[in-house]
Amino acid sequence: MQRTEGEPRGASGPSAESDGRITLDEYFIEMAHLVKKRGTCRRRQVGAVIVRDKMVVSTGYNGAPRGVPHCSSETGCLTDDEAIAQGRRASVCMAAHAEINAIVQAGYNNVSVKGGTLYCTTFPCNFCSKAIVNAGVREIVYEEGYPDELSKSILGYTNILIRQLPPRAAPVAAAAVAMEDVPD
């Protein structure tokens, strides 16, 4: 379908829902779910994708810093060893969070995230929220909540738009079907 004169790019034609395509929110949050599969934390896999102008500029997942042994297999988990509840004493954990890794990865590659949208599988903790604010991210889109009241308080002082997406349906996977289950 061609764009008609005077319409902004991306605004023409039927909506994503009516033409069978997924929305941009669904597209980018699905990417975050894919990214989290690279995570090396034994307790929690989180993925983050930072987008500017409908383009991915950076991704991150939770895991040990570059060159540091992964807690998933090589060093054990300090937070598990000390029976620390999720959302508490993050400073004990060896892993860097997905949101921090996405921001740092962008900086490492000389890419600005200022004005971007952060898609994250989980609401950011207070450490990540501080970095998100200072990096100039303008919007956070997440699915799963996280028990960190300080994070909510920090973000409450800002103009960052925060949106929670409804839980996604399980991704469609190719299912193996036994030959005897296939009708003739």
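Mentor: Let us begin with terms: contact means heavy atoms within 4.5 Å, and helices (H or I, at least four residues) and strands (E, at least two) are DSSP runs, numbered from the N terminus. The model is predicted: local features need pLDDT of at least 70, side-chain atom pairs count only at pLDDT 80 or more, and totals for chains, interfaces and linings use all residues. Residues are numbered from 1 along each chain as its sequence is written, and side-chain values use heavy atoms, with hydrogens and water left out.

Trainee: What pattern does the chain follow along the sequence?

Mentor: The chain has 5 helices and 5 strands. Read along the sequence, they give α-β-β-α-α-β-α-β-α-β.

Trainee: Within what arc do the buried residues of α3 fall?

Mentor: Buried denotes under 20% relative accessible area, exposed over 50%, and partly exposed in between (1.4 Å probe, protein chains only). In α3, residues 98-108, the buried residues are Ala 98, Glu 99, Ala 102, Ile 103 and Ala 106. They line one face of the helix, because the directions from the helix axis to their C-beta atoms fall within an arc of 140°.

Trainee: Is α3 roughly parallel or roughly antiparallel to α4?

Mentor: Axes are lines fitted to C-alpha atoms, for helices over the stretch in contact, and angles run from 0 to 180 degrees between N-to-C directions. The axes of α3 and α4 lie 8 Å apart, at an angle of about 30°. Angles under 35 degrees count as roughly parallel, over 145 as roughly antiparallel, 65 to 115 as roughly perpendicular and the rest as oblique. The angle therefore makes α3, relative to α4, roughly parallel.

Trainee: Which residues of α4 make the contact with α3?

Mentor: From α3, the contact involves Glu 99, Ile 100 and Ile 103. From α4, the residues are Phe 127, Cys 128, Ala 131, Ile 132 and Ala 135.

Trainee: Is Val 104 buried or exposed?

Mentor: Val 104 lies in helix α3, and on the other side of that helix Val 104 and Tyr 108 are exposed. For Val 104, the relative accessible area is 51%, so the residue is exposed.

Trainee: How far apart in space are Val 104 and Thr 59?

Mentor: In sequence, Val 104 and Thr 59 are 45 residues apart. In space, C-alpha to C-alpha, their separation is 9.5 Å.
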